[in-house]
Amino acid sequence: MSRRSIVILNPKGGCGKSTLATNIAAYFALQGKRVALADCDPQYSSRDWLALRPDAAPTIMSATITAGKIRTPGPVDVIVIDTPAAAHGHRLANFARLGQTLIIPMMPSPIDMRAAEHFIDELYSLRKLINKKVKLATVANRVREDTVAAAKLDYFLDRSKTPGGKKLPFITVLRNSQNYIKAAERGLSIFEFAPSKTLYDREQWQPLVRWLSSSRSMPD
Ligand SMILES: Nc1ncnc2c1ncn2[C@@H]1O[C@H](COP(=O)(O)OP(=O)(O)OP(=O)(O)O)[C@@H](O)[C@H]1O
Ligand SMILES: [Mg+2]
């Protein structure tokens with residue numbers, strides 16, 4: 001496996017960037033991959049999570065990024081990059097440039113969906129500064145099923161297109177679940193809790209981990 005780089009991006013605060021970054025990192029570590037997690041956010045949610053991680057859990061290295069270069073303490077198979085809220089313009093492009101694969105978590109409220117739409121437009125307007133072949137997809141996060149918000153999300157995702165007119169790949173819906181909060185508090189992922197307690201969440205992750213493990217999420 002050549003080195004995979006996955007960046008989690010969305011300027012909207014609290015949409016689930018750190019939750020996705022930490023769970024993706026732990027997923028690959030559990031698969032036996034050498035994983036590093038880079039936290040570009042001065043709030044250091046991912047770095048704090050790493051500090052809480054029990055010694056017995058599969059190792060995740062801490063990576064740093066200086067002057068656009070990723071530094072890891074040793075060789076890695078997968079690098080996951082968590083980014084801060086409110087990144088725009090060149091700063092946003094600099095983060096996006098670090099990845100082969102960009103994941104955009106979004107929450108299903110109308111305000112968040114509209115913000116995500118603007119963000120995706122911005123990302124495309126910055127394409128000259130980013131690897132054009134980068135693969136981009138959205139993940140709906142904190143979705144409460146059978147709500148008006150979920151229905152609106154369906155509608156949004158159905159009509160959301162890239163400025164080039166292509167349908168934006170949408171990978172999966174992650175429900176609002178205490179499992180994410182409990183995992184975050186303990187430096188763990190949902191994949192490190194009893195399968196019986198996290199069955200539904202694991203199922204919702206399947207499309208995402210399958211996509212990330214396949215060439216479909218890699219630049220052509
Ligand atoms: N699917 C979920 N179910 C329940 N809680 C969640 C879920 N996803 C995220 N959270 C919680 O919501 C809060 C915000 O999530 P998170 O920190 O991942 O967002 P973020 O995009 O990284 O925020 P910021 O922009 O501030 O960095 C956290 O307390 C997190 O535990
Ligand atoms: Mg965060």
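1. An oxygen atom of ligand 1 lies 3.2 Å from a polar backbone atom of Cys-15 in this predicted model. Ser-18 also takes part through its backbone, one N or O atom of which is 2.8 Å from an oxygen atom of the ligand. At Asn-141 the side chain is involved: an N or O atom there is 2.9 Å from a nitrogen atom of ligand 1. Each pair is a polar contact, that is, a pair of N or O atoms within 3.5 Å. Of the 630 Å² that ligand 1 exposes when taken alone, the protein buries 82%; accessible areas come from the Shrake-Rupley method with a 1.4 Å probe.

2. On conventions, the model is predicted, with local features needing pLDDT of at least 70 and side-chain atom pairs pLDDT 80 or more, while totals for chains, interfaces and linings use all residues. Residues are numbered from 1 along each chain as its sequence is written, chains are lettered from A and ligands numbered from 1 in the order in which they are written, and side-chain values use heavy atoms, with hydrogens and water left out.

3. The shell around ligand 1 deserves a separate point. It holds 18 residues, the closest being Lys-17, Ser-18, Thr-19, Asn-141 and Arg-142; a residue is near the ligand if one of its heavy atoms lies within 4 Å of it. By class, four of the shell residues are nonpolar, nine polar and five charged. Here Asp, Glu, Lys and Arg count as charged, Ala, Val, Leu, Ile, Met, Phe, Trp, Tyr, Cys and Pro as nonpolar, and the others, Gly among them, as polar.

4. Which elements give two or more residues to the shell around ligand 1? They are α1 (17-30), β7 (135-143) and α6 (178-185). The most comes from α1, with three residues. Helices (H or I, at least four residues) and strands (E, at least two) are DSSP runs, numbered from the N terminus.

5. Tyr-44 is in the loop between β2 (35-39) and α2 (45-52), whereas Arg-142 is in strand β7. Tyr-44 counts as partly exposed because its relative accessibility is 34%, and Arg-142 does so at 40%. Buried means under 20% relative accessible area, exposed over 50%, and partly exposed in between (1.4 Å probe, protein chains only).

6. Is Ile-171 buried or exposed? This residue of strand β8 (residues 170-175) counts as buried because its relative accessibility is 15%.

7. His-90, in helix α3 (residues 89-96), is exposed because its relative accessible area is 57%. Along the chain, 40 residues separate His-90 from Ile-130, and their C-alpha atoms are 10.0 Å apart.

Terms used
Polar contact = N/O pair within 3.5 Å; in protein donor to acceptor, adjacent residues only side chain to side chain.
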